Amino acid sequence: MNIASVPSGVREAKFEELMRTYETEVLRLCFLYLVDRNMAEDAMQDTFTKVWRHMERFERRNDCSIRTWIMRIAVNTCKDYLRSSWFKRRKQTCALEEIPPALMPVSQDSRELFLDVLRLPEKYKSAILLYYYQELTTEEVAMALGISRPTLTRRLQKAYSLLRTASGEEGSL
């Protein structure tokens with residue numbers, strides 16, 4: 001049954017279920033991308049606005065899960081925010097106190113690695129965040145980013161290399 005042909009009450013209930021199920025994951029992903037709580041909340045709202053508008057489009061897709069589809073929308077929304085002229089002029093600092101405690105690793109080494117991940121170029125950061133922090137499979141990450149699995153593997157390898165260089169530990173990770 002196509003979501004566009006169902007009564008609006010059923011469509012609204014389905015949307016509310018999607019929000020309850022994925023809002024924490026989407027907010028977390030948006031925060032990790034944007035490193036700003038208010039912008040992350042705005043990006044989450046924009047993501048779910050797009051989900052609402054395009055729910056019937058997902059119904060016609062058979063190649064990914066609803067979670068992967070929503071994460072892809074969130075990634076693209078964050079990319080739009082990052083490309084905005086306002087964001088480019090904004091001071092790009094990541095203070096530890098801005099990061100919600102639930103996202104912050106416990107050990108000092110983990111915190112430093114986490115901050116190094118946030119400083120990676122966008123295409124490498126995306127791969128790391130979706131694979132390790134959102135715990136998507138390689139297939140789901142590739143679909144969410146709109147790239148092939150071999151490209152994802154190369155990006156993850158390059159990200160590891162960049163993180164090793166940033167941490168000064170060529171042999172570990």
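View 1. Read along the sequence, the protein chain runs α-α-α-α-α-α-α-α-α. That makes nine helices and zero strands. Helices (H or I, at least four residues) and strands (E, at least two) are DSSP runs, numbered from the N terminus. This is a predicted model, in which local features need pLDDT of at least 70, side-chain atom pairs count only at pLDDT 80 or more, and totals for chains, interfaces and linings use all residues. Residues are numbered from 1 along each chain as its sequence is written, and side-chain values use heavy atoms, with hydrogens and water left out.

View 2. Of the 173 residues in the protein chain, 42% are buried. Buried means under 20% relative accessible area, exposed over 50%, and partly exposed in between (1.4 Å probe, protein chains only). Among contacts with a separation of 6 or more, 65% join residues 24 or more positions apart. A contact is heavy atoms within 4.5 Å. The accessible surface is about 9,800 Å², and carbon and sulfur atoms hold 50% of it. Areas come from the Shrake-Rupley method with a 1.4 Å probe; for residues, only the protein chains shown count as cover.

**View 3. The largest nonpolar core.** This core has 50 residues. A nonpolar core is a set of buried Ala, Val, Leu, Ile, Met, Phe, Trp, Tyr and Cys residues joined through side-chain atoms within 4.5 Å. Val-26, Leu-29, Tyr-33, Leu-34, Val-51 and Leu-145 have the most contacts inside the core. Helices that each supply at least two core residues include helix 4 (66–83), helix 7 (122–133) and helix 9 (149–167). Helix 1 gives the largest share, 10 residues.

**View 4. Phe-15 against Phe-48.** The structure holds four aromatic pairs. Rings of Phe, Tyr and Trp (its six-membered ring) pair if their centres lie within 6.5 Å; planes under 30 degrees apart count as stacked, over 60 as edge-to-face and the rest as tilted. Phe-15 and Phe-48 are edge-to-face, 6.3 Å centre to centre, with 80° between the planes. The pair links distant parts of the chain: Phe-15 lies in helix 1 (residues 8–34) and Phe-48 in helix 2 (residues 37–53), 33 residues apart. Both Phe-15 and Phe-48 are buried. Phe-15, Phe-48 and Trp-52 form one aromatic cluster.

View 5. Tyr-131 and Tyr-132 form an edge-to-face aromatic pair, 4.7 Å centre to centre, with 85° between the planes. Tyr-131 counts as partly exposed because its relative accessibility is 28%. Tyr-132 is partly exposed at 42%.
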